[in-house]
There are 2 protein chains.
Amino acid sequence: MSNPQFTYSHTTSTETSTLSIRRNTIAGATIKAQLDQLKWTGRYDCFELKWKPVYDQEYNWPVPPHLFWDSDLGKWVEGACYFLTEKYDADIDAAVKYIVTTIRNAQQEDGYLNLHYTMVEPGKRWTNLRDMHELYNCGHLIEGALAHHKYYQNKDFLGPIEKYVSLIRKVFGPGKDQRHGYSGHPEIELALLRLYRVTGNQDAYDLARYFLEERGKPTGQEGMFYFDWEQIHLRGENPYMRPDHYPKRFSRWYGQSQQPILEQETCEGHSVRLMYLLVAAADMVALAREGDQKLANVAQWQEAITRLWDNMVDKKMYLTGGIGAMPQWEGFGIDYFLPPGTDEGGCYAETCASVGAMMLAERLLSVDLHARYADVMELCLYNNVMTAMSLDGRAFTYVNQLASSDTHKSRREDWFEVSCCPPNLIRVFGTLGGYLWQFGGSEGEAYVNVHLYTNAKLSFTVDDKEVTLEQQSNWPWDGDISFQLSGASAIKTTIRLRIPGWARGKYTLSPAPSSSSAAALEKNGYLVLKPDYITTNPTFTLVVHGFEPRYISPHPYTGQHTVTLARGPVVYCVEDADNPWETNHFKDVAIRPGSAVTEERRVLESAGGLYVALHSVCWKRNMGGWASKTAGQEPGAEWGGPVLGQERTLTFVPYYFRANRGGEGHMRVGLLRA
Amino acid sequence: MSNPQFTYSHTTSTETSTLSIRRNTIAGATIKAQLDQLKWTGRYDCFELKWKPVYDQEYNWPVPPHLFWDSDLGKWVEGACYFLTEKYDADIDAAVKYIVTTIRNAQQEDGYLNLHYTMVEPGKRWTNLRDMHELYNCGHLIEGALAHHKYYQNKDFLGPIEKYVSLIRKVFGPGKDQRHGYSGHPEIELALLRLYRVTGNQDAYDLARYFLEERGKPTGQEGMFYFDWEQIHLRGENPYMRPDHYPKRFSRWYGQSQQPILEQETCEGHSVRLMYLLVAAADMVALAREGDQKLANVAQWQEAITRLWDNMVDKKMYLTGGIGAMPQWEGFGIDYFLPPGTDEGGCYAETCASVGAMMLAERLLSVDLHARYADVMELCLYNNVMTAMSLDGRAFTYVNQLASSDTHKSRREDWFEVSCCPPNLIRVFGTLGGYLWQFGGSEGEAYVNVHLYTNAKLSFTVDDKEVTLEQQSNWPWDGDISFQLSGASAIKTTIRLRIPGWARGKYTLSPAPSSSSAAALEKNGYLVLKPDYITTNPTFTLVVHGFEPRYISPHPYTGQHTVTLARGPVVYCVEDADNPWETNHFKDVAIRPGSAVTEERRVLESAGGLYVALHSVCWKRNMGGWASKTAGQEPGAEWGGPVLGQERTLTFVPYYFRANRGGEGHMRVGLLRA
């Protein structure tokens, strides 16, 4: 189990790359911009436990506006600590220390630690696990404390948090006097398993496992689903009384508690919740595979996670790596229901959900190495995740639709009332080194599985000897990657290099291997360089082919008769900033797969220097019989052929460029197929 | 104002036609089959007011299973009376009399008359207009009583009903001590206006108008929306407590109470409710246009109704005349959101909603003669409405999807727990004569506006002289219609004949008119035969052209990249009963607009004798890059072209044939465009 949050610090940036520019922007602008937001919104000093007028405000019952503040602070502290390692900043250091001090002071005698149930509803703790994010908030405090502990090498934050975990362990469990509950919004499970990993805290492991195994049991508490019991018996609410994101009563699937995880066949409900839940499940599998903990049905768990991964990627994921078609519950729709925007019936594609999908992919790579996980991880990173922060690092998106509309233009915000997404970007970029590769070794052998390409250097020790692998490339624009392995010549190192799915197995390795057994592309999509090859060629170059622009489409059953341009891992869109004005968010523009695409290498420093824009010929949609119809005439008319003759060449830019360069917020990823 | 419920009896069937066969089936089978259902389910004798176990059953809070029983009886009595006129049946006569007697006896001293609030929740009347269908039930009792009165020529039913109306008039109104409410489910408004028309009961008119004008006022009751006030102050419910068809709190649009009708821009919410509401609004306009009642803003009302009609037909109606894409609220989705079935994200197309659309079209024709209303009326009749009853008249559909799926096969049921649709079919077919044409005249002049073609004879009097118009045709299969006007040669008669939109203005009239002023196609789509022409040619023939099969599609913005076969007013589907087995509900079958279509004249007695089946060549869909993809690989692939070479000829039958001739319930109206 080698989570990026542990392993990121083995990686250092080398030369400038698209990713390093993004990380520098976060270090130089985003962390402080978000700190300013924390301050003026009242989050920063909330653990001083003084009354704030916002505590009286209604938001979206039962959720008050301040409900997530614990997690906002936890996530910011976590992200800040990742970057402090790399670039010290006295202001950030002081802010982290202040926040941690107030949190410590706010802890109750018995270890309890939660803003809302301390300030606003004291005495009501553990009465609404379904909606009130109590355990979710704890999860993010744990993660913040772990990052704090790693950077400061003290227990100022982790100590109180372990005390809180030990209280929770007493409250929840299988015992007669314990509650058989779990968090409405998963997150604490993965945090607890990380805590276990660092500290060996058995309570943390047991509690995470209990939450994972207990979730969704129909007769968990007094013969009822826990959340039903809690609502009806503990809070005395009528089951028809429900928050707005529950379309019907007992929409248990909203929070993946409709049945035990092992029995779930399809991805349902809130997409971030499912991702965090499966990350924890994958961590539990990894711990069992490593022999760290026993788990009798480990194969079943792995099968369930893989089944849900496959359902998600095959039937519920947008071309940009976004998941969640349904705004009402910020989550999954039915299979293949993937409308690109509001005016076509949906699209949520929350930033955090794709961050979660990246985390899940990384976890799966550690137990089941297969390029399909890394392909999706990279797809999410360069598209749905990268698009969520402006090039200047100061504005964000929460929802990432694939097409704008008059009601939802392609725009950014400084912050959100529920602001989970912005600090998640700091967290994921802070630990990005941990996503690039996985590594390990002992007894004279080592391995590095390289998942992502960029400019970076990895250092780790095997048998107290240092192994260093450096990669140099112009990714994601070009496919040439130079590698150099250095140090520890006595250690036999195996290097596995991902060949992305879109490369269709085509690559060039130089020097060429002397035999196919020295370097072979395996069925899992990784080119395996055996120690024989590495020893002879500590410096080598991989060229991944397939960087020609390509026309891709969503699955035919989505009913989306559209075509999208992609190049390497980057998905493209059209924006009004580059193109002649179209009145209707490019909905009336058609493109023909197979048309020639020209590339233009442009330089935009804020976007990491070089990028590749694309140009292709498009046509105006033919409205057929509808162009001449009078209002209120019967529906249905004869089709007039796909397109009109009006030809124009449009410019396509990476989806993550959108809403950065002015314009009216008209944008579209998939154009009508001509 | 000449509603079909008044005018139908001026029309008699002549020779057998597709429509007369359907009416005969209802007279011979359906009315009694539904009576049997009323009996065994406990509805028939419920007004004996003896306790039944079903009253204890929960259904879908707050709606108990018996809530609609009043309306079921009212609608059956209404339908039965329409058919008794034509074909006396002693059993039906006796059943009507029994039901009416029990209803009379169940009336309370003060006139109140409602099963639920008499038996189950006495003392709680008028506490939940939003959900409990109290005024809706009353509306159907009024309509039943009107039909009863017309047939029996007594006030056994109408008398008690007028007493009930007079009680309601006291309870609701603008007065300080009156409630400023209205029905959650509109229906009583149109019933009251019909009552006013027959009896001149001013209370009825005033009450209907009050309901129409008061609806949706944001500060109607104590500064609140009436339903909000009722929920929060009268019932003391938390606004987050809401029935399952309200996706969020305050989903006022569900029952068209989000704003005054005059301000509504788009069709929202439950589709049957909107149709019934607009029918009443159109009746109110008609009464004003006739000078019967003053309505200062009549033009605004007509504009609002037309605006909503246009929105519905242009953006929210399926090719079959079905409306309502959203199963959760049995109603309208956003503009252009028209998925054909459950596995593509929606489709409800309730039978009653299309019956309501027919009623609305007929009302609009009386105030704004335009073929577009009659085109939609005919589209609904021959497709979404006709498909709702089996050819044997004993089984029904409630939801009429345009494509089956594994979860919703194309199937019929004997009856439904909420059984509004089956008796609505009796009602609409019972009054069908009233939909065929509208007529009138005085002082030596008469007119007949012919909307629908079939075999039928119309008789009415002008200045005490009889005018008779007979039409003879093989509609909807052929476009030749012979007319014969007889009687009253002194009366100058104008006849207007609808030329359907799909005929594109092409027709042949013989004898040919001597001049274009004697017979001209006007902009409203009606061919006007002036008295000059009629006097010379009391017998004439119209041939409507355009009966060739045609390929039609839904609006491009629906995103439905499909093609449907239609011929005349009939929309076609493919069913597994006629075709080689396809594994996936014909989802993988493509058709190419412009392909040659062959017609086959078949005879099926139960379906009205002759019908036309169609044959066209189709192809298997090419799954492109997805055919070879492994599970869980990144979404998106290259398209492989539209279709594979596997060609097959499929048979298409009228949509209303579906689920009548065996098979596995696989059916589809729109095939993928090749």
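**Close-up views of cores and salt bridges**

Across all chains, 90 salt bridges are counted. The model is predicted.

**View 1. The largest nonpolar core.** This core holds 435 residues. A:Trp76 and B:Trp76 have the most contacts inside it. Helix α11 (residues 271–289) of chain A gives the largest share, 15 residues.

**View 2. Surroundings of A:Trp76.** Leaving aside residues up to four places away in sequence, A:Trp76 touches several side chains and residues, including A:Ile31, A:Gln34, A:Leu35 and A:Leu38. Its partners also include A:Ile92, A:Ala95, A:Pro423 and A:Ile426.

**View 3. A salt bridge between chains.** B:Asp244 pairs with A:Arg249, with the closest N and O atoms 2.1 Å apart. Each residue sits in the loop between α10 (226–234) and α11 (271–289) of its own chain. B:Asp244 is buried, at 8% relative accessible area. A:Arg249 is partly exposed, at 23%.

**View 4. A salt bridge from strand to loop.** A:Lys620 and A:Glu582 meet at 3.7 Å, N to O. A:Lys620 lies in strand β17 (residues 609–621) and A:Glu582 in the loop between β14 (570–575) and β15 (589–591), so the bridge ties together parts 38 residues apart in sequence. A:Lys620 is partly exposed, at 22%. A:Glu582 is buried, at 6%.

View 5. A:Lys217 and A:Glu214 form a salt bridge of 3.4 Å, N to O. A:Lys217 is partly exposed, at 35%, whereas A:Glu214 is buried, at 7%. Elsewhere, salt bridges link A:Glu575, A:Asp578, A:Glu600, A:Arg602 and A:Arg661 in a network.

Conventions:
Residues numbered from 1 in each chain as written. Chains lettered and ligands numbered in written order. Predicted model: local features only at pLDDT ≥ 70, side-chain atom pairs only at ≥ 80, totals over all residues. Heavy atoms only, no water. Core = buried A, V, L, I, M, F, W, Y, C linked by side-chain atoms within 4.5 Å. Buried < 20%, exposed > 50% of the residue type's maximum accessible area, 1.4 Å probe, protein only. Helix = DSSP H or I, 4+ residues; strand = E, 2+ residues; numbered from the N terminus. Contact = heavy atoms within 4.5 Å. Salt bridge = Lys/Arg side-chain N within 4 Å of Asp/Glu carboxyl O.
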